[in-house]
Amino acid sequence: MKAPDLPLVSTVSRPTIHPDGSRAVFSVVRPDFSADDYLGQLWTVALTGKPSPRRVTRGHRDTAPRFSPDGRLLGFLRTSPDGPAQLHVVAAAGGEPVRVTNAPLGVTDYRWRPDSRVLGFVARVPEPGRYGTVPGIDPGSEPPRRITTLRYQSNGVGFTVDQRAHLFLVDVPDVWAEPPAAPAPSPGDEPAGLAGGDGVPLGLPQARQVTAGDFDHSGLAFAPDGTKLLTISARHEGRDRDLATELVELLLDPAGASPRVPERIAVGAEAGLHIGQVAWAVDGTIYALAEAVGESGRDFVARTTGLYRIRGEGGPVRLTEPEEVDLDNQMELGITTDGLVLAHSKSRGRVHLVSVSADGVVLQVTDSAVVVSGVDTVGENTVFAFQDALTAGDLALAETPRLRRLTDFSAPLRGTGMTSARELTVAGGDGYPVHGWVVAPPGPGPHPVLLTIHGGPFAQYTVALLDEAQVCADAGYAVVMCNPRGSSGYGHAHGRAIRQSMGVLDQADVLDFLDGALAEDPSLDPDRLGIMGGSYGGYLTAWTIAHDHRFAAAIVERGYLDPEAFVGTSDIGDSFTDEYVGTDPDLVRAQSPQACVGAVRTPTLVMHSALDLRCPLSQAERYYSGLKRGGVPAELVIFPGENHELSRGGSPRHRLHRFDIILDWWARHLPTAENPGAVS
């Protein structure tokens, strides 16, 4: 795979299965260089017979499909080239989609009420006068913001205090009705345009906001009888200084007439949970994915995500083992007809689909080397999206003991020439087993080696296809990557081992793994080494080159580089530094790459995004300045308009530029036949 092949990397969404179990609908999204955007449509595939996927919509970017409970309609989000995502519905049998919402900043999530007559959705509500709500007032002309909270920004969103995420209800329009006709203009009137009353486009139903307040909401789940709605929020008095969230239950007005509805706290902050997902089972049991954040409400380091059962007034009960089972709190839960909960379990570079019973029995549904990234289940059918070593995103049907592939959108990508990753476990210097992979170019070598380090730190490299490793291998580099202590997927103790001791065991693990890979594979050249990483990986790269000088060059991308300056500038600065490196000034400096930048001698490329609010640009600027003042050959590359997600979700052209810059840097310091340096 080469960098220009990036448009072949398609992402497949969580599927939705028709209530009769006959077919699944899903979205396929891909980067496009011409549009410099992500394009995507909805597809459908039958669950019986020979799979034959076909496209069913033609929007710019159509995502998040969900069949209505009665099976007559299909909902989805449609993003236009010049507007945010809006909720649409279409007849399940096909036809013209009908737009449902006019949210100024777009819809981020939605669910069907069980009667299929109402949709609940989440959207940010802009403060009047901001974010284009008044024509002619651009961001530079808006009034000043008054900030009174510690947390007021979020990476990829910007300021949050003046665009809170709230819940809305909206009646489902009749997709079979005649389209509304615009009224004829009276003499002397301005053209009527498309707007109806209150700025709602003509024919759109009026959405009713059902939450309010100076706090955000995420997730929503209707009760089986449709009389209640769950959402996640942080409303308690200390919410600005802890990470706990509450589960809020809205008691719905059946007639839908009132603009506000009664509400109660179903799970309070005193439970000490940070809740990520919620689902409501048919028998009335509520299930939630959450991490315990300790007595302080702030201790989030390596807290594994568990499945909690909430029933009656007894409070949440954790069903999964906290020391070993780590579920993905970003992935929606599924509930089978016999009451089992389907969740995504992270383990040793895999993300398996598991079922959890009401009494906590966990069984693995998938057993192959896959990363499951979304699931739906109806009757006997369980369909999931997945990735593997040669799959960027496809759909499969769970069939014990194997999976049955339903799509193969990755076939063109495999045609570019892919390099399989070789799994490896190395005994570290203290005997600790370090697990990871080597992606090496074909041929005997010797190949220059790039030690790459993932972000997080409580994250993991997986068995899934990694575009960066494939592009580097195609350019003649062997890529060595592992999950050192601090990573997720290996239990609570493994992840927590680096708390307030960063740069010790984690550095030892990545270097021990590199040494083990070099000793195990004679095609790897021990005398031609590079090192690179992003976010926490940028931290450990910067830390390592201050203590180990064997590398010909380094790339530090979007790094966590200056813990002291992180507090008060990052969107997570008030908690991340305190919990990961501590609050004692001497202890903080003892773990700071900025504090030891004077020891670096390795030529270093520093890459960062201008709008990164997770690791602010000042982190890169201070570190780069330290390198230059120390006489280190260094360059700083800043991507305009991008945030912390550049390498995963940045504009397609910027992602291509990023690859070009990376390969150019390695061509200068570690040239290969496939990636030669400039001829003098």
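**Strands, cores and spaces**

Modeller: Let us begin with one residue pair in this predicted model: P31 stands opposite Y38 in β4.

Biologist: How many bridges join strand β3 to β4?

Modeller: Strand β3 covers residues 23-32 and runs antiparallel to β4. The two form a hairpin with four residues between them, and D36 in the turn has a positive phi of about 50 degrees. The number of bridges joining β3 to β4 is 10.

Biologist: Which residue in β5 is the bridge partner of W43?

Modeller: β4 also pairs with strand β5, residues 54-55, in the antiparallel sense. This pairing extends over two bridges. In β5, the partner of W43 is R55.

Biologist: Why is strand β4 described as largely enclosed by the rest of the structure?

Modeller: Strand β4 comprises residues 37-46, and a residue is called buried when its relative accessible area is under 20%. The strand is largely enclosed because, of its 10 residues, the number buried is nine.

Biologist: Which residues have the most contacts inside the largest nonpolar core?

Modeller: The largest nonpolar core has 52 residues. Leaving aside neighbours within four places in sequence, Y623 is in contact with residues including A542, V556, L561 and V606. A second, separate core of 39 residues includes A3, L6, C472 and W666. In the largest core, the residues with the most contacts are V480 and Y623.

Biologist: Which strand gives the most to the lining of the second largest pocket?

Modeller: This pocket has a volume of about 1,100 Å³. Of the 37 residues that line it, the closest to its centre are W280, V282, I335, D376 and T377. Several strands each supply at least two lining residues, among them β6 (61-67), β20 (273-280) and β28 (371-378). With four residues, the strand that gives the most is β28.

Biologist: Which element gives the most to the lining of the largest cavity?

Modeller: A search of the whole structure finds two cavities of 30 Å³ or more, and the largest has a volume of about 60 Å³. Its lining divides into three nonpolar, four polar and three charged residues. Both β38 (604-609) and α10 (646-649) supply at least two of the lining residues. With three residues, the element that gives the most is β38.

Key: Residues numbered from 1 in each chain as written. Predicted model: local features only at pLDDT ≥ 70, side-chain atom pairs only at ≥ 80, totals over all residues. Heavy atoms only, no water. 1 Å grid on protein atoms, 1.4 Å probe; cavity = no way out; pocket = protein on both sides within 12 Å on 5 of 7 lines; lining within 4 Å. Points joined across faces, edges and corners; volume = space filled by probe spheres on them. Core = buried A, V, L, I, M, F, W, Y, C linked by side-chain atoms within 4.5 Å. Buried < 20%, exposed > 50% of the residue type's maximum accessible area, 1.4 Å probe, protein only. Contact = heavy atoms within 4.5 Å. Pairing = 2+ DSSP bridges. Nonpolar A, V, L, I, M, F, W, Y, C, P; charged D, E, K, R; others polar.
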